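Work through the following exercises with the sequence and the structure at hand, and try each task before you read its solution.

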Amino acid sequence: MTRIAFDRGRLDESVSIVRAGALEDCVQRIRAEYLDLPGLSLTARQAQRLWNLDSETCQRVLDMMIRDNFLRRTPQAQYVRGDWVPPGCSRRLTHRTAHG
């Protein structure tokens, strides 16, 4: 039987590189879903189930997307696109913004 010894520092570094790549893959996949479905509104638990992620990974990805201003969290704990406006809620231009 052959034993393979790993240098602990190198192992940790390679695992974190793989994890970072996996997180970026998740971000891209979730971003694509929100772009395809602009009104998508999910709780963290719903997102976790939809994309088959563990809770820690899901929360990290959602937090990353909030930091990038792609997503925002509503007062009802729903994750929606940062530029999404709910139906029936119009953004009204004020006189000042309409005329500079």
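The model shown here is predicted.

**Exercise 1.** Describe the secondary structure of the protein and the order in which its elements follow one another.

*Solution.* Begin by counting the elements, which gives four helices and two strands. Then read along the sequence, where these elements follow the pattern α-α-α-β-β-α.

**Exercise 2.** Find the salt bridges in the whole structure, and state for each the residues and the distance.

*Solution.* A search of the whole structure finds two salt bridges. In one of them, the side chains of glutamate 56 and arginine 60 meet at 3.5 Å, taken from N to O. In the other, the side chains of aspartate 83 and arginine 81 meet at 2.9 Å, again from N to O. Both distances can be checked against the cut-off, which asks for a nitrogen within 4 Å of a carboxyl oxygen.

**Exercise 3.** Explain how glutamate 56 and arginine 60 are placed relative to each other in helix H3.

*Solution.* Locate helix H3, which covers residues 55-67, and note that glutamate 56 and arginine 60 lie four residues apart in this helix, so they are separated by about one helical turn.

Key:
Residues are numbered from 1 along each chain as its sequence is written. This is a predicted model: local features need pLDDT of at least 70, side-chain atom pairs count only at pLDDT 80 or more; totals for chains, interfaces and linings use all residues. Side-chain values use heavy atoms; hydrogens and water are left out.
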